[in-house]
4 protein chains.
Amino acid sequence: MINNNPLIIKFIYSLIVLNVISLIIEYYKGIHDNYSEFFQLFEMFSVSIFTIEYLLRLWTSDLNNKFKGNFIVKRMKFASSTLGLIDLIAILPFYLPFIFPFDLRIIRILRTLRLLRIFKLNRYSKSLKTISGVLKETKDELIMTVFVAFILLVLSSTLMYYIENDVQPENFASIGHAFWWAVATLTTVGYGDVYPLTALGKILSAIIAIVGIGFIALPTGIISSAFIEKLRHDKHKKGKQFIICPNCQIEINKDNR
Amino acid sequence: MINNNPLIIKFIYSLIVLNVISLIIEYYKGIHDNYSEFFQLFEMFSVSIFTIEYLLRLWTSDLNNKFKGNFIVKRMKFASSTLGLIDLIAILPFYLPFIFPFDLRIIRILRTLRLLRIFKLNRYSKSLKTISGVLKETKDELIMTVFVAFILLVLSSTLMYYIENDVQPENFASIGHAFWWAVATLTTVGYGDVYPLTALGKILSAIIAIVGIGFIALPTGIISSAFIEKLRHDKHKKGKQFIICPNCQIEINKDNR
Amino acid sequence: MINNNPLIIKFIYSLIVLNVISLIIEYYKGIHDNYSEFFQLFEMFSVSIFTIEYLLRLWTSDLNNKFKGNFIVKRMKFASSTLGLIDLIAILPFYLPFIFPFDLRIIRILRTLRLLRIFKLNRYSKSLKTISGVLKETKDELIMTVFVAFILLVLSSTLMYYIENDVQPENFASIGHAFWWAVATLTTVGYGDVYPLTALGKILSAIIAIVGIGFIALPTGIISSAFIEKLRHDKHKKGKQFIICPNCQIEINKDNR
Amino acid sequence: MINNNPLIIKFIYSLIVLNVISLIIEYYKGIHDNYSEFFQLFEMFSVSIFTIEYLLRLWTSDLNNKFKGNFIVKRMKFASSTLGLIDLIAILPFYLPFIFPFDLRIIRILRTLRLLRIFKLNRYSKSLKTISGVLKETKDELIMTVFVAFILLVLSSTLMYYIENDVQPENFASIGHAFWWAVATLTTVGYGDVYPLTALGKILSAIIAIVGIGFIALPTGIISSAFIEKLRHDKHKKGKQFIICPNCQIEINKDNR
């Protein structure tokens with residue numbers, strides 16, 4: 001079956017990744033001008049492969065026990081499933097350029113979504129489950145952190161607006177403009193398009209930047225602890241809880257925690 | 001009761017968040033000019049809702065067991081409580097523009113403080129308790145880290161001042177100016193308005209930037225370990241407190257720390 | 001005794017911190033010009049207090065059991081101890097301006113070193129011990145991380161030099177110049193004075209930036225795990241290892257890990 | 001034996017590090033011009049030492065039990081081993097400038113690779129093993145994180161391209177250009193060469209920057225938990241393997257996972 005051959009899986013995924021990469025690099029001037037023919041050929045090749053794959057998936061979908069019903073119903077179900085639709089959307093625009101006269105790149109970017117199929121591979125779906133499980137468990141604390149950060153951003157940008165507005169009436173034209181500075185500082189991105197010029201503004205900025213370290217440390221600490229708890233819990237479930245003393249046959253709790 | 005209906009709670013919080021967002025975006029040129037009427041309508045709508053809510057809260061505050069006394073005293077107590085005052089301040093200026101002739105945005109920003117009411121919701125107040133508990137427990141270590149960082153900042157900015165002052169007399173006009181560079185580098189914000197030009201300055205800057213990674217790692221490690229300890233402790237309290245003595249089968253309290 | 005009165009301790013430390021802050025802000029133009037008299041008065045006041053404190057410390061040092069010998073030897077020992085010398089250096093230049101004709105700010109910055117006395121306070125010296133203990137334990141792993149980062153920096157800056165040298169002969173004039181870019185990118189500081197312009201350079205830069213996240217994650221993970229181990233170890237030592245079954249009096253290992 | 005004398009080892013490693021540093025700083029204008037003779041002398045000195053060391057290593061390689069065979073075969077094996085070849089490449093170009101007429105810096109940079117020999121020292125090879133063991137164990141989760149980040153980068157740069165293209169046709173000329181912005185924002189590097197100007201673009205940028213904090217927190221959490229698990233596991237192996245059955249007093253292997 002097409003889903004299970006590791007070589008074919010690797011080939012299809014590589015092709016998806018290459019499609020995304022080609023989309024990113026082809027529009028750099030020079031690259032596009034010199035290799036436009038290569039990109040067109042690659043596009044045709046990709047769509048052909050994706051089409052063959054789609055048809056094979058459609059054909060073999062009646063072997064899939066996930067879909068119930070007779071073989072026609074099964075294929076209809078595959079075609080209307082999320083992944084089936086994504087696969088269709090990824091190839092359709094190539095065949096119907098006259099129906100979709102607008103910019104095709106938007107459609108081609110949808111091929112990125114095909115990457116999501118990677119989560120169907122057992123190995124990665126387990127990792128994703130671990131990660132999303134941890135994020136779900138820590139949701140309340142993380143929302144809280146973002147929330148406190150938001151209040152801090154609003155208050156500091158309000159302060160900064162009143163401090164810097166006189167000196168830089170353009171960069172700090174409103175609290176909204178100051179908010180842009182506050183986000184760039186608290187997340188330690190620091191583009192450098194907006195920064196304080198007054199002594200007071202620099203002191204406030206320094207404080208926000210140092211507090212920003214804390215706002216990196218907090219979610220990291222929250223997520224770390226959840227990962228550790230998860231790991232221990234998983235191990236616990238796998239491991240034996242009790243061992244039998246081979247001499248007197250009584251049960252001893254191996255791990256009292 | 002108004003406090004308990006989840007739909008009303010969601011509506012009120014959404015309205016507060018929207019008020020803060022409108023405050024942030026409305027002053028972007030273009031947005032304000034094209035939609036000024038919409039913003040005025042939204043302002044009127046918000047204040048009406050907040051007023052109704054305030055009056056209802058005032059009226060129902062005699063049902064609140066937190067405030068003791070007869071129904072008039074109870075309402076007075078609500079009106080003079082922190083959250084009651086914040087609610088009042090958030091709506092009052094709209095009705096008394098002639099009393100507060102100064103810039104109203106400062107008052108409107110106080111509506112952000114209404115967001116603090118979220119902490120009264122049971123679910124989030126627990127998260128906040130966990131986070132603040134962790135921060136309190138690690139206070140000494142965190143203060144220590146900030147303290148060592150401060151000494152490092154002062155020493156490195158002094159050094160940098162003597163290294164760069166000759167080449168960039170404006171950017172490194174004083175140790176105070178160099179301090180601004182030091183903060184931006186150690187917190188990895190890196191606005192890019194001040195950076196060393198000499199070889200020696202760049203080497204010092206590289207060292208500070210690398211040490212800066214350590215000053216992200218330290219508080220994160222401190223906070224992580226406290227979260228993990230908290231999690232384990234909480235679990236312990238929930239979990240079995242007793243173990244069975246394998247010899248005589250009586251129950252023993254496992255955890256008498 | 002002067003060392004033990006919490007009020008005096010707080011006053012002295014506040015004065016040291018204020019001295020450092022005044023050093024940082026006084027050279028901002030405008031601040032200095034308008035308040036120069038205030039700064040001079042504050043300087044005189046600080047030095048007076050520090051002098052009195054130094055003399056008192058010198059005088060009472062014969063009560064200190066740490067120093068052995070008769071009262072003259074004890075005072076000599078205090079005067080020649082590291083903290084004693086720092087205290088002396090912090091006040092001496094004020095009285096001997098004709099002996100030290102060079103820039104006095106260098107001496108005044110040494111007052112920062114007096115902040116180190118905070119580590120003598122029991123509470124903070126414990127925190128510092130925890131932190132430095134953790135750093136010592138993870139020294140090998142941290143050195144290793146810096147080492148691998150260094151190799152990565154050298155290799156990536158060599159690559160970048162050959163990629164960008166043609167387009168930006170000034171910014172990437174040598175491998176040394178490219179190294180400056182590499183440090184700013186790997187530590188995610190990103191001043192923005194040097195960045196790649198070619199497509200290839202941008203791809204390399206993106207890879208280094210993403211790897212840079214890993215070089216934040218690694219030391220954090222190392223330090224976190226050491227903190228957790230420390231916390232557990234400290235608790236273990238405090239807690240009882242064995243409990244006596246109150247019925248049959250046999251010892252049970254409470255915590256087998 | 002040359003490998004075991006700590007003083008010689010320290011001297012050789014210092015020399016390698018100094019070679020790398022000299023390579024980085026010597027091309028800074030001013031430094032090179034004023035000290036070119038010093039750099040040439042240092043180069044000659046380094047190559048002499050490295051040559052002597054190489055010959056000694058070659059000579060004594062028949063004492064090395066790792067290589068099997070008679071003493072000629074052993075030396076041949078050393079000469080063709082990876083580290084042997086690196087050592088040879090590091091000195092060869094100095095003697096054969098007429099054979100390698102191209103830029104010698106590329107060869108000299110290879111001396112960096114000699115730093116890899118540090119991993120042969122027992123102490124650091126253990127640290128490296130710990131780190132690489134942790135990275136291997138968390139490989140799936142880390143790949144997953146990079147993968148999700150990649151999808152996020154593609155989607156956000158596509159969005160940003162459509163938002164900013166009209167206002168900044170040069171900076172956001174293609175999805176590829178927007179991708180450069182997305183990487184700089186998500187990794188919090190923030191060079192500041194490309195940033196959004198529209199209100200919508202700034203809001204998207206703020207969201208990506210905040211999400212970027214999460215993409216620092218995730219790998220950190222993953223790596224932290226793996227380090228902690230490793231530490232505990234290592235301790236377990238060292239610690240007591242047996243517990244005494246409290247009933248019949250025989251020893252039981254506690255850990256048979």
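At 1% relative accessibility, C:Thr188 counts as buried. Buried means under 20% relative accessible area, exposed over 50%, and partly exposed in between, with a 1.4 Å probe and protein chains only. C:Thr188 is located in the loop between α9 (175-186) and α10 (199-238) of chain C. Helices (H or I, at least four residues) and strands (E, at least two) are DSSP runs, numbered from the N terminus. The phi angle of C:Thr188 is near 60°, a positive value in a residue other than glycine. Most residues other than glycine have a negative phi. In chain A, A:Thr188 also has a phi near 60°. A:Thr188 lies in the loop between α9 and α10 of chain A. A:Thr188 is buried, with a relative accessible area of 0%.

The structure is a predicted model, in which local features need pLDDT of at least 70, side-chain atom pairs count only at pLDDT 80 or more, and totals for chains, interfaces and linings use all residues. Residues are numbered from 1 along each chain as its sequence is written, chains are lettered from A and ligands numbered from 1 in the order in which they are written, and side-chain values use heavy atoms, with hydrogens and water left out. The model scores ipTM 0.75 and pTM 0.78. The average pLDDT of chain A is 77, and 72% of the residues score at least 70. Here pLDDT is the predictor's confidence in each residue, from 0 to 100. Among the elements of chain A, helix α9 (residues 175-186) has the highest mean pLDDT, 90. Strand β1 (residues 242-244) has the lowest, 54.

Chain A contains 10 helices and two strands. Along the sequence, the pattern is α-α-α-α-α-α-α-α-α-α-β-β. Of the 257 residues of chain A, 50% count as buried. An unreviewed UniProt entry annotates "transmembrane region" at residues 7-25, 37-56, 77-96, 142-163, 172-191 and 203-228 of chain A. UniProt positions are given in the numbering used here, feature names are shortened, and annotations may be inferred rather than shown by experiment. Residues 142-163 of chain A are 100% helix and 0% strand, and the end C-alpha atoms lie 31 Å apart. Residues 203-228 of chain A are likewise 100% helix and 0% strand. Their end C-alpha atoms lie 38 Å apart.

A:Ile203 sits in helix α10 (residues 199-238) of chain A. A:Ile203 is partly exposed, with a relative accessible area of 41%. Together with A:Leu200, A:Ile207 and A:Val211, A:Ile203 makes a nonpolar surface patch of about 340 Å². Like charges are joined within 9 Å, and nonpolar side chains (Val, Leu, Ile, Met, Phe, Trp, Tyr) within 5 Å. Accessible areas come from the Shrake-Rupley method with a 1.4 Å probe; for residues, only the protein chains shown count as cover.

Helix α3 (residues 71-79) of chain C has buried residues C:Lys74, C:Arg75 and C:Phe78. They cover an arc of only 95° around the axis, which puts them on the same side of α3(C). The arc is that of the directions from the helix axis to the C-beta atoms. An α-helix has 3.6 residues a turn, so residues three or four places apart point the same way. C:Ile72 and C:Met76 are exposed on the other side of α3(C).

Methods
Patches are made of residues with over 30% relative accessible area and no salt bridge: like charges are joined within 9 Å, nonpolar side chains (Val, Leu, Ile, Met, Phe, Trp, Tyr) within 5 Å. A salt bridge is a side-chain nitrogen of Lys or Arg within 4 Å of a carboxyl oxygen of Asp or Glu.
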